[in-house]
Amino acid sequence: KYNFGDSWIIKQVATLDAEEGWAEDDDDGSVLPDLEGELANMSEEAYGAMLEAMGRVPLETRIAHLLLAVAGADGDVAEEELDALSAHLATVMTQLGSELDPGRVLRFAKKHDEDQELFDETVELLGQHLSSGMLAALIQMAREVAEADETSEDEEDLLAHLVESWQIEE
């Protein structure tokens, strides 16, 4: 169905036992990068180019818009999805050291939830400026938001679009 039947979608990965020596020391056990580390590893020139390209809409707002688009792909943003989105947004903003108000960021995203041009631009800019590992982490965040109330076919289609756009192998 996705990518002409040439894709795999991993919906759940088994957790490995810490006693077997596979556990990580980080907070969530993820092998995917976080934004704080991603941005710290960027050169000043690359970071400046990303900020300039983002223009009037900051990174955290673009991420909120992206997550909201996935949650609302089925025409409805359930309370569970909104809770998951808020939790991820709080983490993102902490990692970025953002001084913006999370509620205000989310309100902006909701106000522009029908803005396809902003969504397309965000997908393109994130693809140009972030590593594949960070893009995979964003897809994982979006998947967790969508799965908060059972993932619809429309949400799966949008997630598949992100994977294809960013050339991420799931």
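Contact here means heavy atoms within 4.5 Å. By that criterion, Leu130 of this predicted model touches Glu38, Met42, Met50, Leu135 and Leu138, leaving aside residues up to four places away in sequence. Leu130 also belongs to the largest nonpolar core, and helix α4 packs against both α7 and α5.

**Nonpolar core**
- The largest nonpolar core holds 44 residues, of which Leu59, Leu126, Leu130, Leu138, Leu162 and Trp166 touch the most other members.
- At least two residues of this core come from each of α1 (35-40), α2 (44-54), α3 (59-71), α4, α5, α6 (116-129), α7 and α8 (153-166).
- Helix α7 gives the most, with 10 residues.
- In soluble globular proteins, nonpolar side chains tend to be buried together.

**Packing of α4 with α7**
- The axes of α4 (residues 79-96) and α7 (residues 132-147) come within 7 Å and cross at roughly 155°.
- Angles over 145 degrees count as roughly antiparallel, and α4 is therefore roughly antiparallel to α7.
- Helix α4 contributes Glu81, Ala84, Leu85, His88 and Val92 to the contact, while α7 contributes Met141, Glu144, Val145 and Ala146.
- Six of these contact residues are nonpolar, one is polar and two are charged.

**Packing of α4 with α5**
- Helix α4 and helix α5 (residues 102-111) pack at an angle of about 125°, with their axes 10 Å apart.
- This angle makes α4 oblique to α5, and the crossing of the two helices is right-handed.
- The contact joins Leu82, Leu85, Ser86, Leu89 and Met93 of α4 to Pro102, Val105, Leu106 and Lys110 of α5.
- Seven residues of this contact are nonpolar, one is polar and one is charged.

Technical notes. Residues are numbered from 1 along each chain as its sequence is written. This is a predicted model: local features need pLDDT of at least 70, side-chain atom pairs count only at pLDDT 80 or more; totals for chains, interfaces and linings use all residues. Side-chain values use heavy atoms; hydrogens and water are left out. Axes are lines fitted to C-alpha atoms, for helices over the stretch in contact, and angles run from 0 to 180 degrees between N-to-C directions. Helices (H or I, at least four residues) and strands (E, at least two) are DSSP runs, numbered from the N terminus. Angles under 35 degrees count as roughly parallel, over 145 as roughly antiparallel, 65 to 115 as roughly perpendicular and the rest as oblique. Ala, Val, Leu, Ile, Met, Phe, Trp, Tyr, Cys and Pro count as nonpolar, Asp, Glu, Lys and Arg as charged, and the others, Gly among them, as polar. A crossing is left-handed if the near helix is turned anticlockwise from the far one by less than a right angle, and right-handed if clockwise. A nonpolar core is a set of buried Ala, Val, Leu, Ile, Met, Phe, Trp, Tyr and Cys residues joined through side-chain atoms within 4.5 Å. Buried means under 20% relative accessible area, exposed over 50%, partly exposed in between (1.4 Å probe, protein chains only).
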